[in-house]
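Subject: Structure for your files

Dear colleague,

Here is the structure I said I would pass on. My notes follow below it.

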Amino acid sequence: MTGPTKNELWFRLIFSLGGLALLAVTVMVRGISNSAALVEVVGIAGAFFGGTAIWSALKLARHRD
């Protein structure tokens, strides 16, 4: 099998969920003002961490040892 190992997928999933949690805490503390830059940063970070978490979870669900 080529691609990331099961341990690497777990690392990516945990790292991504941690990133989403930190992003959520940051938004709760600071809020999203009308600044387009802040909205863009939160959107890109959310898409990156969310996409990676979903991708890793799907790969783990299909991973065979």
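Is I44 buried or exposed? The model is a predicted one, and in it I44 counts as exposed, because its relative accessibility is 54%. The residue lies in helix α2. Along the sequence I44 is eleven residues from S33, and their C-alpha atoms are 16 Å apart in space.

The helix pair

Helix α1 covers residues 6-30 and helix α2 covers residues 36-62. Their axes are 8 Å apart, and the two helices pack at an angle of about 150°. With angles over 145 degrees counted as roughly antiparallel, α1 and α2 are therefore roughly antiparallel to each other. Their crossing is left-handed. On the α1 side the contact is made by K6, L9, W10, R12, L13, F15, S16, L17, G19, L20, L23 and V27. On the α2 side it is made by V42, A45, G46, F49, G50, T52, A53, W55, S56, A57, K59 and L60. Sorted by type, the residues of this contact comprise 15 nonpolar, six polar and three charged.

S56 in the contact

One of the α2 residues in that list is S56. S56 is buried, with a relative accessible area of 0%. Once its neighbours within four places in sequence are left aside, S56 is in contact with L9, R12 and L13. L9, R12 and L13 are among the residues that α1 brings to the contact with α2.

Aromatic rings

The count of aromatic pairs comes to three. In one of them, F11 and F15, the ring centres are 5.9 Å apart and the planes stand at 25°, so this pair is stacked. Both residues lie in helix α1, four residues apart, which is about one turn of the helix. F11 counts as exposed because its relative accessibility is 56%.

F15 also pairs with F49, at 6.2 Å centre to centre and with 55° between the planes; this pair is tilted. F15 lies in helix α1 and F49 in helix α2, so the pair ties together parts that are 34 residues apart in sequence. F49 counts as buried because its relative accessibility is 17%, and the limit for buried is under 20%. F15 and F49 are also both among the residues of the contact between the helices. Taken together, ring pairs link F11, F15, F48 and F49 into a cluster.

F11 also gives a distance across the chain: its C-alpha atom is separated by 14 Å from that of H63, which is 52 residues away along the chain.

G31 is partly exposed, with a relative accessible area of 26%. S33 also counts as partly exposed, because its relative accessibility is 41%.

Regards

How values were computed:
Residues are numbered from 1 along each chain as its sequence is written. This is a predicted model: local features need pLDDT of at least 70, side-chain atom pairs count only at pLDDT 80 or more; totals for chains, interfaces and linings use all residues. Side-chain values use heavy atoms; hydrogens and water are left out. Axes are lines fitted to C-alpha atoms, for helices over the stretch in contact, and angles run from 0 to 180 degrees between N-to-C directions. Angles under 35 degrees count as roughly parallel, over 145 as roughly antiparallel, 65 to 115 as roughly perpendicular and the rest as oblique. A crossing is left-handed if the near helix is turned anticlockwise from the far one by less than a right angle, and right-handed if clockwise. Contact means heavy atoms within 4.5 Å. Ala, Val, Leu, Ile, Met, Phe, Trp, Tyr, Cys and Pro count as nonpolar, Asp, Glu, Lys and Arg as charged, and the others, Gly among them, as polar. Rings of Phe, Tyr and Trp (its six-membered ring) pair if their centres lie within 6.5 Å; planes under 30 degrees apart count as stacked, over 60 as edge-to-face and the rest as tilted. Buried means under 20% relative accessible area, exposed over 50%, partly exposed in between (1.4 Å probe, protein chains only).
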